[in-house]
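Try each task before you read its solution.

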Amino acid sequence: MTDETVGEKGTREPETGATPIVEGDGKGDGGASSGVTVKELGTEVPGHPNRRKAILGAGVGVAAVAAGAYGLSRLVNEPEATEIDAVYTGGDEVPLQDPDSNLWRDAPSARVVLGPQDVTTPKLPEAAVSAISVRALHDGGMIGFRLEWGVDEESNLTIKTDQFRDGAAVLFASEANAGLRMMGNPAQPVTIVQWKADWQRDVDKGFQDITVAFPNASTDFYPPLVKDAHDAVDVTVPDAYMQANATYRLAGYAADNFQSAIYRVSPVEKLLAQGFGTSATAPTQDASGSGIWTDRGWRVALGKNMKGSDPNEVSLEPGKTYGVAFAVWVGADDNVGARKSPSKIVLKLNVEVAQS
Amino acid sequence: MPEVYNWQLGRKMAYLYPEVRPQRQAGAVFDTNKCIACQTCTVACKTTWTSGKGQEYMFWNNVESKPWGSYPLAYDAKILEKLGAQNWDGDVYAGKTIFEAAPEGERVLGYLPNDLDYAYPNKGEDETNTTVDSEKYHLRLPHDAWFFYLPRICNHCTYPACLGACPRTAIFKRPEDGIVLTDEQRCRGYRECVRACPYKKVMYNHVTRISEKCVLCFPAVEKGFLTRCMRTCIGKIRTFGWVNPPEKADPENPLDFLVHVRKVARPLLPQMGTEPNVYYIPPIHVENQRFLRMLFGPGATESVETYRNAMEGNDPELLGVLVLNVASDRIISKFKVQGETATGWDDQGNVVATVPLKEPTMVRPQFDPSVAVYRYNIT
Ligand code: SF4
Ligand code: SF4
């Protein structure tokens, strides 16, 4: 543990329950077995005391304290946040590449309650994760969020037909209007930044080729790449295809589909949407972030430029308020696309005035 | 859900979108009686479209042996089991389609195969329905022990389950020819289509991590040519062209003639409700008619009779349209049988094939004295 705050474990726990978790629930994530003490998981609001005071003083609902989500220390009755404060870093860069950075402690932790996706088909009738812990920072140029949630199993491959990935998204809306929760509408388009665990793996380890999922894969040949049968196993994506100028054999890549990128530089995608089924990769990709698997869940930092670079992109200015919503996907539960656990509400996003 | 008319079910049914039929619909008839499972079609498609990395397991065209073969494994048994026993009331389907049986919160009743399901494309190959334990089995028709080959491609359905299931409208049906395509720019790899297609003809690319499917060789079709799998068919089992709904059937159009006039060709698993546009002439040697009716609908038995009648020489017109199969690499949209000859025309009115109803045969003496060898009937 490098930090004291973790999000809550998913459907495996009752969402509303004050039910205390019985010691040694067999999941191996109890306080004792993971070596995390009650104190470490903490009930205090962490971070800079003055900072916290300033925020509370501004009348912001930051009641959602570090939700110390595991084992005996679970605080399932922690209040649900309705607002998120994006705290000004004082000039430091938002640590989007470091979800463990101490800078995140400058922002209060908010407990955002997730629910089922029961608005449009295909639905997810029961939330896979009941709540996440959220902190937000901005440096005047970038706005970033750190999300944490618990999940039993890491899902970071999408090679096989039945492999789905873990993921998380932040939706920015021009106002905290409940009607915008699901992808906005034509009059009020929304901007989404989505982190994906399989993209993170591509970024960390290089493109995850089929041999990662099928270690013994062999093929006679991949025209037009090789003539010799045994060379086929050495045909790697992306290198061999680029060298042979044969990427037309990778249709999604040839069609410029961002999902099919073979040189991945960021695990975060920026999307624009104006209603159900309309989300599309934004023309400019300046969102960034990074995720870390903690053995008990994910800690993910992600964000975007405050000033939008695409028409229809939501721009954010210090001192103003916006709408923000969240969603989480659990790959092990076959979550994908609309099969997600979105936040139950659109929260008010207060972007703190930038003053040192 | 809007109501649409599905003529294969003889009734209206629920679908995700209102009824919009394309200006013309590309379709095919496969004669299972002539298929020899040489897999030339499979290889033609494979080398044309799916030899890239990530597509190793894909067969947009496959040929499976019925009753046991299937690709992916037991796709038909699985969806039929999910749907549960359903009934026909004469020619009207009284059961539920995969749209009508969709569970709460889902668009379509379906399931997602895993990679092992795709690992046995030859499962059940050449296996008979029952154990052959005495010689009588091959001595009469229909056979007591039987199997037959079922070549399968995407059906370019009128009501595609894949299209209906995609929450991103990344699958579309072309208005000009009814070909169903995945938009390789819009797809985000959700695999809702893979889950939904009862024929499992949308597949997930392991490298590009999005879905792909049979494109009905649209670049060829646009130029008036047969698709790769059809034009390479050495068994000449495939009629390819345009198929109309029954009320617009044109008796001079080969597909309309087979599907609507003679009703010798039937859709595969019509009870799914997608109104597939690839039709099958059921095998005439299969004793188990219930199995045929499960696969091809209640008209299967009648089709068998019609076909047999033609093979006995009583229906030159039907014979004529079938001998035109793959007689040209051009799409035949009009045919005529005159005397002992069948003729096919393309869209522009050019004669593209003239075929005798009966191929001339020549019997040669077994011994050829000029070279002093005996001939054997293997060539
Ligand atoms: S056969 Fe399957 S993939 Fe083809 S159109 Fe029908 S539902 Fe879609
Ligand atoms: S029509 Fe073309 S793409 Fe479809 S199965 Fe046949 S060869 Fe393959």
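**Exercise 1.** Work out what area is buried between chain B and chain A.

*Solution.* Start with the total: about 3500 Å² is buried between chain B and chain A, with carbon and sulfur atoms giving 47% of that area (buried area is the accessible area, 1.4 Å probe, that two parts lose on being put together, summed over both). Next, look at chain B: K53(B), R188(B) and R209(B) supply 24% of the area that chain B buries against chain A, more than any other three residues. Then take the contact (heavy atoms within 4.5 Å), to which chain A brings 46 residues and chain B 38 residues.

This is a predicted model, in which local features need pLDDT of at least 70 and side-chain atom pairs count only at pLDDT 80 or more, while totals for chains, interfaces and linings use all residues. Residues are numbered from 1 along each chain as its sequence is written, chains are lettered from A and ligands numbered from 1 in the order written, and side-chain values use heavy atoms, leaving out hydrogens and water.

**Exercise 2.** Find how many salt bridges cross the interface of chain B and chain A.

*Solution.* Apply the rule (a side-chain nitrogen of Lys or Arg within 4 Å of a carboxyl oxygen of Asp or Glu): it finds eight salt bridges. One of them joins E106(B) to R339(A), with the closest N and O atoms 2.6 Å apart.

**Exercise 3.** Sort the shell around ligand 2 by class.

*Solution.* List the surroundings, including C45(B), W49(B), W60(B) and R228(B) (a heavy atom within 4 Å). The shell has nine nonpolar, two polar and one charged residues.

Terms used
Ala, Val, Leu, Ile, Met, Phe, Trp, Tyr, Cys and Pro count as nonpolar, Asp, Glu, Lys and Arg as charged, and the others, Gly among them, as polar.
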